[in-house]
Amino acid sequence: MADSGTSNSRPHEPLTSVAVNPQPHSDDRPDAHDPSKGIDHQSRRGSLEEPLPAAAADVASSSAEPGKLQDGRLTDIEQKTSYYAADEDTEDGAEPANLDDLVGLLERKLALGDDGSKALLRQLKREPVLPTLDLAGVAQLLKSGRVKRIIAMCGAGISVSAGIPDFRTPGTGLYSQGLERFNLPEPEAVFSIGFFKKNPKPFHLLARELFPGTYKPTPTHYFIKLLHDKGLLLRCFTQNIDSLEHQAGLPQSAVVAAHGNFDSAHCIKCHKEHTLEHVKQAVFSDDICCCTKCGG
């Protein structure tokens with residue numbers, strides 16, 4: 001940066017010995033807090049009122065613009081601030097608008113050379129997977145034939161249009177209704193195995209509402225089934241327990257039900273498998289489903 005002063009500008013004054021080796025504050029003396037010595041208020045005031053070093057006084061007493069010395073020269077801090085501020089934006093004075101601009105800015109900031117680091121960074125400039133970030137872009141990608149192994153990761157949102165409430169929406173979510181409808185100590189208790197062993201009734205009430213046949217699959221479920229039929233679906237991971245994926249026609253081998261569902265039922269004691277009809281009969285008769293082997 002060019003010197004903003006005139007030809008008669010003088011160099012910065014060297015630091016004085018006071019600035020290089022500052023005098024200890026009165027509190028720093030070994031006996032500063034010795035009760036027998038008392039508190040030397042005059043000494044404390046004196047240490048706070050010591051004159052500033054010449055260079056510091058030059059800046060402090062200046063009436064020029066902030067960050068400048070009396071003769072108009074920029075301070076070291078101002079020079080560094082101006083240097084970095086001038087390089088904050090891209091070459092055209094605007095913030096990076098896309099990935100290419102960002103990579104270019106990083107190249108300049110990091111001063112990358114031809115040692116391979118620049119080439120590594122430029123690998124970020126790859127073609128985006130989706131042509132557009134909307135449904136049309138997804139459809140275009142699928143029709144291009146570039147994708148062959150698709151994973152579907154599903155949550156409660158894909159079943160809301162079927163009439164099944166999600167978990168956390170205030171007022172309508174299952175958790176917000178739980179305490180009133182099921183008399184639970186906390187909403188999440190309806191899915192707790194420990195609470196189920198003590199009181200299985202609330203889960204049976206919820207299971208009756210969600211039992212297969214009560215709700216129909218949504219377009220999203222049928223879309224996932226279509227991916228499977230075309231050989232594009234690698235796996236469907238779902239948090240939902242409603243088994244609508246199965247009702248839409250997906251085989252159990254294509255679905256990973258993270259929280260379980262109505263596709264199968266086992267005894268929690270002896271692990272004997274039971275038919276869905278056995279569970280349905282107990283649930284809809286307002287009874288507790290028990291194991292036919294151990295009674296658990």
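The accessible surface of the protein comes to about 20,200 Å², and 55% of this surface belongs to carbon and sulfur atoms. Accessible areas come from the Shrake-Rupley method with a 1.4 Å probe, and for residues only the protein chains shown count as cover. The structure is a predicted model, in which local features need pLDDT of at least 70 and side-chain atom pairs count only at pLDDT 80 or more, while totals for chains, interfaces and linings use all residues. Residues are numbered from 1 along each chain as its sequence is written, and side-chain values use heavy atoms, with hydrogens and water left out.

Of the 296 residues in the protein, 26% are buried; buried means under 20% relative accessible area, exposed means over 50%, and partly exposed lies in between (1.4 Å probe, protein chains only). The protein has 14 helices and 5 strands. Helices (H or I, at least four residues) and strands (E, at least two) are DSSP runs, numbered from the N terminus. Among the contacts in the protein with a separation of 6 or more, 44% are accounted for by residues 24 or more positions apart, where contact means heavy atoms within 4.5 Å.

An open sheet is formed by 3 strands in the order β1-β2-β3, with parallel pairing. Its edge strands are β1 (150–154) and β3 (255–257), each of which pairs on one side only. On average, neighbouring strands of this sheet are turned by 15 degrees against each other, direction ignored. Axes are lines fitted to C-alpha atoms, for helices over the stretch in contact, and angles run from 0 to 180 degrees between N-to-C directions. Strands of a sheet pair through backbone hydrogen bonds, either parallel or antiparallel. Two strands are taken as paired if DSSP finds at least two bridges between them.

Strands β1 and β2 run parallel and are joined by 5 bridges. Within this pair, I150 stands opposite L233 in β2, and the bridge partner of M153 in β2 is F237. Strand β2 (residues 233–238) also pairs with β3 in the parallel sense, over 3 bridges. Here F237 stands opposite V256 in β3, and T238 stands opposite A257 in β3.

Not counting residues up to four places away in sequence, H221 touches I158, S159, L244, E245 and A248.

The elements that give two or more residues to the nonpolar patch are β1 and β2. L234, found in strand β2, is partly exposed, with a relative accessible area of 30%.

Phi of S243 is near 60 degrees. S243 lies in the loop between β2 and α13 (244–247) and counts as buried, at 2% relative accessibility. Phi of D286 is likewise near 60 degrees, a positive value in a residue other than glycine. D286 is placed in the segment after α14 (276–284) and counts as partly exposed, at 44% relative accessibility.

S264 lies in the loop between β3 and β4 (265–266). At 37% relative accessibility, S264 counts as partly exposed. The C-alpha atoms of S264 and H274 are separated by 7.3 Å, with the two residues 10 residues apart along the chain.
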